[in-house]
Amino acid sequence: MIKDITIGQYYPGNTVIHKLDPRIKIIITFLFIIALFFIDKFLPYLFVLGFIIMVISMSKIPVKYILKGLKPLLPIIIITFLLNLFMTRGQVVFEIGPLDVTIEGLNKASFMAFRLIFLIVGTSLLTLTTSPISLTDGIEKLLNPFKKIGVPAHELAMMMTIALRFIPTLLEEAEKIMKAQMARGADFESGNVLNRAKSLVPLLVPLFISAFRRADELAMAMEARCYRGGENRTRMKQLILNTRDFIAMSIMLILFVIILLYRYL
Amino acid sequence: MKEIMVKMDNVTYEYTNNEEERIAAVKNINLEIYKGEFVVILGHNGSGKSTLAKLMNALLLPFKGKVYVNGIDTTDMNKIWDIRQTAGMVFQNPDNQIVATIVEEDVAFGPENQGIEPKEIRKRVDEALAAVEMLEYKEYAPHLLSGGQKQRIAIAGVLAMKPECIILDEPTAMLDPSGRKEVMNTIKRLNEKERKTIIHITHYMDEAVLADRIIIMEAGQIIMEGAPKEIFSQVEKLKKMGLDVPQVTELAYKLRKEGIDIPNDILTVEELVSVL
């Protein structure tokens, strides 16, 4: 049960979108986010919508699955919408008690809500179509040029890999400790928030101790396998740019230019 | 003439315990392990077995004396990576030595650290996984495998570095009987087919039977050494030290005490059956 939690919500598949180079996907996502903030009219949103629909249909991810990802962020979207709705001054359409709803407010509120929704869907498409490992690989490669100014690219990627590797192991262990404590009469479920938080202490202490012990052993095992940092290290899987990567990049650039044109022309 | 793989020359290793006392984990050990040999090290907890193993690939450095791996002194800091490449090490807990989230990526970890060409790594990874019969699992996530399978992946990870010698520090201690069998079959095959020198540390007497030579340690010293038949024929001496003998040997020993005339070096069921 607890083991089945999917990490980074990756949705396995074998489509063109899945096969794109992770570096390209990360850059496209960044451009997409920047582009969203350049939009100040409704019309360019149509292009963004078209782009998103195209990507979703190509990646064969069920729309339901993507909407499910929006759910936890719904409160933020609603709060943003309401704040913009009531806080913008202008021509009053109708009043709810002391609050005025204006045309400008309606405009701005729906505008912001769209921006947020596109932002969330766009970024979750990245994590949905890219496995955590290739994502780490992509980040490491993209950060490589910044090594000279002291960005520890390899170390960051290694930390992410090890974290991903140990999430299932530690979850399993947490479950085991929990059962062991329950067998001795520990109660994790009843009481108010404070009591429940308190009851987690006998779970967290052994978990932390064991995590430190694991870290120690892992470090020794890594050293025994000649690990000495990122220098002179090679990788089995090389990232190679394909035609599809250039096509994807061009499509994104066209979208970006269209958005800029709408903004400044 | 037999070539020497690991040589220990009057080695002592001490550590400081919580009460600031110095304790010798390993005392004045002299030992030679030959190429292609299958050596099992037996002993109680705290007898210095693991320390001995860690001294053999420069994870620990001797306090006194010298350790040579393939003729290289382990205190030579410039050669430390050569030593670790020559003498690969597999640890007790399979979960704490697997680094990557995919089996083949983990096997590639060692050669990647050595800076080997990507194409060559690919080849080595496939060979190593085939050698431990885990090739069909190469795209699995390690946490979905059984203990025995994880331990075989760890062995493959060492194999991919092309070591001449593999040191296994209680690799079967956390496994169930079927997992132990898988791992022991793999080790035995690597010793016979690939001519790897194996140094295997264990608690299990039935694993020791497979060895060419058994070394028994107590309180940081080697107290018995010899072929399995020599060692296990001394049932009383072993019992006095609190060590077990393989079940079949035990049975043969009891039968002989009852006056049945059988030799005192029975190690396997087949031998006992043929004698009876």
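Predicted model: local features only at pLDDT ≥ 70, side-chain atom pairs only at ≥ 80, totals over all residues.
Where in chain B is the place of Asn10(B)? Strand β1 of chain B, residues 4-16, holds Asn10(B). I'll come back to that residue.

Let me start with chain A. Chain A has 11 helices and 2 strands. Going from the N terminus, the order is α-α-α-α-α-β-β-α-α-α-α-α-α. So much for the order; now the overall form.

Chain A has a radius of gyration of 24 Å. A compact globule of 265 residues would come out near 18 Å. Along the principal axes, the C-alpha atoms of chain A fill a box of roughly 65 × 55 × 40 Å. Buried residues account for 19% of the 265 residues in chain A. Now look at contacts in chain A between residues at least 6 apart in sequence: 75% of them join residues at least 24 apart.

Chain A is split into two domains. Domain 1 takes residues 8-130 + 239-264, and domain 2 takes 152-224. The centres of these two domains of chain A, over C-alpha atoms, are separated by 36 Å.

Next, the annotation. An unreviewed UniProt entry places "transmembrane region" at residues 73-92, 112-135 and 246-264 of chain A. Residues 112-135 of chain A are 92% helix and 0% strand, with the end C-alpha atoms 29 Å apart. Residues 246-264 of chain A are 100% helix and 0% strand, and there the end C-alpha atoms lie 27 Å apart.

Now the interface. How many residues of chain A are in contact with chain B? The count is 26 residues of chain A, against 33 residues of chain B. Three elements of chain A each give two or more residues to this side: α7 (132-143), α8 (153-183) and α10 (201-224). The biggest giver is α10(A), with 8 residues. By class, the side of chain A that touches chain B has 13 nonpolar, 8 charged and 5 polar residues.

Stay with α10(A) for a moment. This helix has 24 residues. From first C-alpha to last, α10(A) reaches 35 Å, close to the 34 Å expected at 1.5 Å a residue. Which residues of α10(A) are buried? They are Leu218(A), Ala221(A) and Ala224(A). An α-helix has 3.6 residues a turn, so residues three or four places apart point the same way. Back to the model. The buried residues of α10(A) pack against α2 (80-86) and β6 (87-90) of chain B. Just after α10(A), Cys226(A) takes a positive phi of about 70 degrees.

Over to chain B. Chain B has 11 helices and 10 strands. Its radius of gyration is 20 Å, close to the 19 Å that the globule rule gives for 276 residues, so chain B is as compact as a globular protein of that length. The C-alpha box of chain B is roughly 65 × 45 × 45 Å along the principal axes. Buried residues make up 48% of the 276 residues in chain B. Of the contacts in chain B with a separation of 6 or more, 64% come from residues 24 or more positions apart.

UniProt, again through an unreviewed entry, puts "domain: ABC transporter" on residues 6-244 of chain B. That stretch of chain B is 36% helix and 27% strand, and its end C-alpha atoms are 28 Å apart.

Asn10(B) has a positive phi of about 50 degrees although it is not a glycine. Buried or exposed? Asn10(B) is exposed, because 12 other C-beta atoms lie within 10 Å, and 12 or fewer counts as exposed.

Glu133(B) is not a glycine either, and has a positive phi of about 55 degrees. Glu133(B) sits in the loop between α4 (118-131) and α5 (147-159) of chain B. It counts as partly exposed, with 15 C-beta neighbours inside 10 Å.

Last one: Ile214(B), in strand β9 (residues 213-218) of chain B. Why does Ile214(B) count as buried? Because it has 21 C-beta neighbours inside 10 Å, and the cut-off is 20 or more. Leaving aside neighbours within four places in sequence, Ile214(B) is in contact with Val40(B), Leu42(B), Ala208(B), Gly226(B), Pro228(B) and Ile231(B). Ile214(B) and His200(B) are 14 residues apart in sequence and 9.6 Å apart in space, C-alpha to C-alpha.

Notes
Residues numbered from 1 in each chain as written. Chains lettered and ligands numbered in written order. UniProt positions renumbered as here; feature names shortened; annotations may be inferred. Helix = DSSP H or I, 4+ residues; strand = E, 2+ residues; numbered from the N terminus. Contact = placed C-beta atoms within 7 Å. Nonpolar A, V, L, I, M, F, W, Y, C, P; charged D, E, K, R; others polar. Expected span 1.5 Å × (residues − 1). Rg over C-alpha atoms; globule rule 2.2 N^0.38 Å. Domains from an automatic or database assignment.
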